[in-house]
Amino acid sequence: MNATNTTELMNTLGLQAKAASALMARASAATKIAALRGLAALLRENVQALQVENAKDLERARANGLSEPMVDRLKLTPRVIETCAQGCEQLAAMPDIIGDITGMKQMPSGIRVGQMRVPIGVFGMVYESRPNVTIEAASLSIKSGNAAILRGGSEAIESNRALAALVQRALTDAGLPADAVQLVPTTDRAAVGQLITMPQYVDVIIPRGGKGLIERISAEAKVPVIKHLDGNCHTYVDDPCDIALAVKVTDNAKTQKYSPCNATESLLVARGVAGEFLPKIGAIFAAKGVEMRCCPESLPILRASVRPEPVEGLTGTSTGSARTVQLIPATEQDWSEEYLAPVISIKVVAGVDEAIAHINHYSSHHTDAIMTTNHVHAQRFLREVDSASVMVNASTRFADGFEFGLGAEIGISTDKFHARGPVGVEGLTSLKYVVLGEGEVRG
């Protein structure tokens, strides 16, 4: 597609989205619920058809040498589709916050002043790999009364087209405009450049993908951006803690799934429990094929207690061939790394003070957790760790809109304005002041 055609295409999508956003803003709660429930039903009815289209993307991805973690993100399994359907139903069951008026106050002049919750208008979504994001974005757009222009990655184009078609069916079946959710039909990169520079049509851009994508969009966008650059998440094992609980949660935080941005990438362990905790978690990591990049203090403890053996077909390897799990010295870069693979950095720290300082210095401010039985340490960690989600005695893998009860998420923002953490319906709305009077005039 040449530059002129791309510009015309994006202008058309923008005009259609702007027109649809006005209709979505005044749609009733019942109509939006019908669309969401209809979409859930369509997803369940079309599992096999969706997997046929998804298989085309997976075959092309492997042929192009895409890494296994990236291929994993592409998969539309029945479980993934069911989670999407449940997310739609969860959103449908939630109260409709559009039009809510809060903080109404009577002023000395006689007027009453409050704030009303309203849709943002049109948001543009640029994302890579995960086709389920198409449904998450669409369902949140419907619930929040917005219009959306979605531009998925070229690696998931067949899956995204099939999903977007179901979304538009659900919208029209409910009496809503099909143009309320539009998928950019081209994989031309120029379309992204157009989308992020159309303030006349688009009110906010939400990038979701690799650091390079998000940095490019943040630098070039002419509309506000809700973003996170990466997910270097930490689990800190405190002294004192319940060792068995800490082992269970840390294992889950790292190995339940390697590719998401909320998987733990760095493990901090208080010196007072390192001798007991590290051999236990090290044995689990070794059995599961997790490479451990260790500080000078943790390395000898793990080497003395863990005997890595060759592991076949490790998740995260490109070939699936056997290799010996590594215990190696960490470099400075490891403390900032988002691996998205069976690799973890491990550091022994003096205690909660050093853990908080380390996290605030190296973290991507996404999600960080403390394992502790000390209430004061837990409260300090919650107050002082400067991240979008902070947890006590829970896996970082819970940092997710669905798990937080938001129905779905448009992304996880590490910004501080205007949304932070998992961005659900409320993050896709704004507030405007409303004034109620009875003929008052200003003197």
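Start by selecting Arg44, Glu82 and Glu89, which are linked in a network of salt bridges. A salt bridge here is a side-chain nitrogen of Lys or Arg within 4 Å of a carboxyl oxygen of Asp or Glu. Searching the whole structure gives 18 salt bridges.

Before moving on, note that this is a predicted model, in which local features need pLDDT of at least 70, side-chain atom pairs count only at pLDDT 80 or more, and totals for chains, interfaces and linings use all residues. Residues are numbered from 1 along each chain as its sequence is written, and side-chain values use heavy atoms, with hydrogens and water left out.

**Stop 1: salt bridges in helices**

Select Glu158 and Arg161. They form a salt bridge, with the closest N and O atoms 3.9 Å apart. Both belong to helix 7 (residues 157-173); because they are three residues apart there, about one helical turn separates them. Helices (H or I, at least four residues) and strands (E, at least two) are DSSP runs, numbered from the N terminus.

How covered are they? Glu158 has 22% relative accessibility and counts as partly exposed. Arg161 is partly exposed too, at 39%. The cut-offs are these: buried means under 20% relative accessible area, exposed over 50%, and partly exposed in between (1.4 Å probe, protein chains only).

Now go to Arg216 and Glu220. Their side chains meet in a salt bridge of 3.3 Å, N to O. Helix 9 (residues 211-220) holds this pair, four residues apart, so about one helical turn lies between them. Glu220 is partly exposed, with a relative accessible area of 40%.

**Stop 2: a salt bridge across the sequence**

Select Asp334 and Arg293. The closest N and O atoms of this salt bridge are 3.0 Å apart. Asp334 lies in the loop between strand 12 (327-329) and strand 13 (343-349), and Arg293 in strand 9 (residues 291-294), so the pair ties together parts that are 41 residues apart in sequence. Arg293 is partly exposed, at 22%.

**Stop 3: rings**

Next, show Trp335 and Lys347. Lys347 lies over the face of Trp335, at 5.6 Å from the ring centre. A charge sits over a ring if NZ of Lys or CZ of Arg is within 6 Å of the ring centre and within 35 degrees of the ring normal.

How many aromatic pairs does a search of the whole structure find? It finds one. Select Tyr236 and Phe381: this aromatic pair is stacked, at 6.4 Å centre to centre and 15° between the planes. Tyr236 lies in strand 7 (residues 233-237) and Phe381 in helix 14 (residues 375-384), so the pair ties together parts that are 145 residues apart in sequence. Rings of Phe, Tyr and Trp (its six-membered ring) pair if their centres lie within 6.5 Å; planes under 30 degrees apart count as stacked, over 60 as edge-to-face and the rest as tilted. Tyr236 is buried, at 0% relative accessibility. Phe381 is buried at 0% as well.

**Stop 4: a buried asparagine**

Select Asn146. It lies in the loop between helix 6 (132-144) and strand 4 (147-151). At 1% relative accessibility, Asn146 counts as buried. What do its side-chain polar atoms meet? The backbone nitrogen of Ile120 lies 2.9 Å from a polar atom of this side chain. The backbone oxygen of Leu428 also lies 2.9 Å from a polar atom of the Asn146 side chain.

**Stop 5: two distances**

Select Ser395, in the loop between strand 15 (389-392) and strand 16 (412-413). Ser395 is buried, at 4% relative accessibility.

Then select Val192, in helix 8 (residues 190-195). Val192 is buried, with a relative accessible area of 3%. Val192 and Pro296 are 104 residues apart in sequence and 45 Å apart in space, C-alpha to C-alpha.

**Last stop: the surface**

Met104 is found in strand 1 (residues 101-106). At 31% relative accessibility, Met104 counts as partly exposed.

Conventions: Polar contact = N/O pair within 3.5 Å; in protein donor to acceptor, adjacent residues only side chain to side chain.
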